[in-house]
Each structure stands twice: as C-alpha cells, then as structure tokens.
Amino acid sequence: MHPAFSVVFFTTATGAGYGLLALLGVFGGLQLIPPDFWLGLIGLGLALGLVAAGLLSSTAHLGRPERAWRAFSQWRSSWLSREGVASVLTFIPAGLFGIGWVFFGRTDGWVGIAGILTAFCAVVTVCTTGMIYASLKPIAQWHSRFTLPGYLIFSAMTGSVLLNALMQSFDVGSKTLLAACVLLTMIGWGWKLATWRYNDRLEIPTNANTATGLAGGTVRSLEWPHTEENYLLKEMGFRIARKHGARLRQITQVLAFALPVLLLAATFALPWPFAAVLSAPAAIVQFAGMLVERWLFFAEAKHTVTLYYGR
C-alpha cells in the first residue's frame, strides 16, 4: 500500500494521543495522580492535541475533504465510520474530565467517572482504528490476528511513555509507571518482531490461477492492462526494496524500542531532575520510531488486486 504521510501521522499521533488520554482518565479517575492544574492542562492538552492533529491530517488523504462528514452515516457497516463516531464521542467525557480537573482542581466524584468513561471511549476508538485494517481481507498482512492487538499495545506503550515524561517533569513520577513503560515497550518490541516473522512467512493462497479458475499450468497476462501506472498501482501496488525494508526495520527497533528502553531504565537510578531529562527524549525518540514503523506497516502490505498486474 502507498504509505501516505498523512495516514502514517494519523495512526501514530492518534495512537499515542488516545493511549495518553486513557491513562490520564484511569490514573486521574482513581486518584493515582494529583489533580495539579498544570499537569492536567498540559497532559490533557497534549493528548487531545495529538488526537485532533491526527484526525485533521487524515483528511489530507481525501480527494474531497469537505465530504468527510458523510462517512459518519455508515457506522452500521463501516469500521472507518465507527472510528469517526467513536473519536467524536470521546471528546464529550474528555471535555467534562478536563473541565473538572483544570477548572475545579478535582478528579473525584463525577470528574472521576468522566475520566473512566474517557479511558473506555479512547480504548474503543483505538479498537475501531485497528479494525479498519484488520477487516480488509484482500490485504493478508493486515487481515491477521496481529493487527488489532498491535494497535492496542502500541497505543498503551506510547501513551505510557508520554505520561511518564509528563509526570517526571512535574516531579511526581513513580517507579511503578517507569517499570510499566519498560515492560510495555518490550512487549511492543516482541509483538512487532512476531508480526514481521508472520508476514515474512505468509503464503497467500490466491494467485492468477485461483482468480481465473484455470488449472493445468501457470496463468499469466500476455500484455499489461495499460501502458502507464494508474491509481491502483500507485495506492495498492507500492513496492519497497528488500534492503531498504530491512534497514527501516532496524531503525524502527532502535528508535521505537531499544533506545527508549535504555533511556527509561537509566532513570531508575537517577534523581529528579535528571530522570525528567531522560524521560522526555525517550518519548520523542519513540514517537519518531513509531512513524517509521507505521510507514513500513503500509509499505509492506500487498493488495490482492496487484495479481491483475502480474505482481
């Protein structure tokens, strides 16, 4: 698939934003973090800002962005429409939670309930995003058991690292959260390696013979359907060189997983403010690594329609 930057940024930003939003909702709703004005303002502002930026960037890939609102009406059958509805609904409890935290300085009572609802809606929205890709049967690399859990794991991973950076900067960080960040990053690393291993060994049962119903030989086209690349080849027949893909996988592992783990592990032995100095780069580096990972997610996916073009 053609890895458009707007969609790559959308999936990365919203994943991190919803992950941070869900954790803030749970930790705030259970009074596990103090209802500090600046912590709430910056934390919720960053989470909702990432979500809004990601949603807005996704419209850049549309031919007619002004018609995007029509997708909301197809929620009965479309995961894309369900994602849009869920993303909008999430802003309702998130807004109430933010008002209670920032303006009233409290995260208990109705504010805490709004926080828990915010976390629930954020998780549901991430699930709908993952199902957009997991439900596409013509793309075998996405239509697997790894896609939806991967979205949830990466969202929790990036959200927790962002939350740790925020809490460390306000000198309210905890060893438990640090350990969770390291554990989630290691789980994400293992899940990504397992996904790559599965995709590399994937044998797609569909070929030109099964598509045409012909047997007794190898079916191939005598000539190309047309002389120039069209929309299908550009969007669904993107090809990446093997050596470039291998290099980008290495970059993903270093930026998204290995380096953040090293930086986070180092903060265990460091007092504030040195812990905060290392926590912020860990979040930034991981976000950059996830951009590369998402680019590969699209670039390495192959649509069945490319069989028509002999690929």
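## Who lines the largest cavity

Helix 1 gives the largest share of the lining of the largest cavity, with 6 residues. Keep in mind that this is a predicted model. Helix 1 spans 5-29, and other helices join in: helix 4 (109-134), helix 5 (147-169) and helix 10 (274-299), like helix 1, each supply at least two residues of this lining.

## Inside the largest cavity

How much space lies in the largest cavity? The figure is about 160 Å³. The lining counts 17 residues, and the closest to the cavity's centre are Thr11, Thr12, Gly15, Ala16 and Tyr151.

Sorted by class, the lining of this largest cavity holds 8 polar, 6 nonpolar and 3 charged residues.

## A second cavity

The structure holds 2 cavities of 30 Å³ or more. Which residues line the second largest cavity? They are Thr158, Val161, Leu162, Ala283, Gln286 and Phe287. Helix 5 and helix 10 are the elements that give two or more residues to this lining.

By class, the lining of the second largest cavity has no charged residues, 4 nonpolar ones and 2 polar ones.

## How such spaces are found

Empty space left between atoms shows up when a probe the size of a water molecule is rolled over them.

Methods. Residues are numbered from 1 along each chain as its sequence is written. This is a predicted model: local features need pLDDT of at least 70, side-chain atom pairs count only at pLDDT 80 or more; totals for chains, interfaces and linings use all residues. Side-chain values use heavy atoms; hydrogens and water are left out. On a 1 Å grid over the protein atoms alone, a cavity is a set of points where a 1.4 Å probe fits but cannot get out, and a pocket is an open set with protein on both sides within 12 Å along at least five of seven lines; lining residues have an atom within 4 Å of a point. Grid points are joined across faces, edges and corners, and a volume is the space filled by probe spheres set on the points. Helices (H or I, at least four residues) and strands (E, at least two) are DSSP runs, numbered from the N terminus. Ala, Val, Leu, Ile, Met, Phe, Trp, Tyr, Cys and Pro count as nonpolar, Asp, Glu, Lys and Arg as charged, and the others, Gly among them, as polar.
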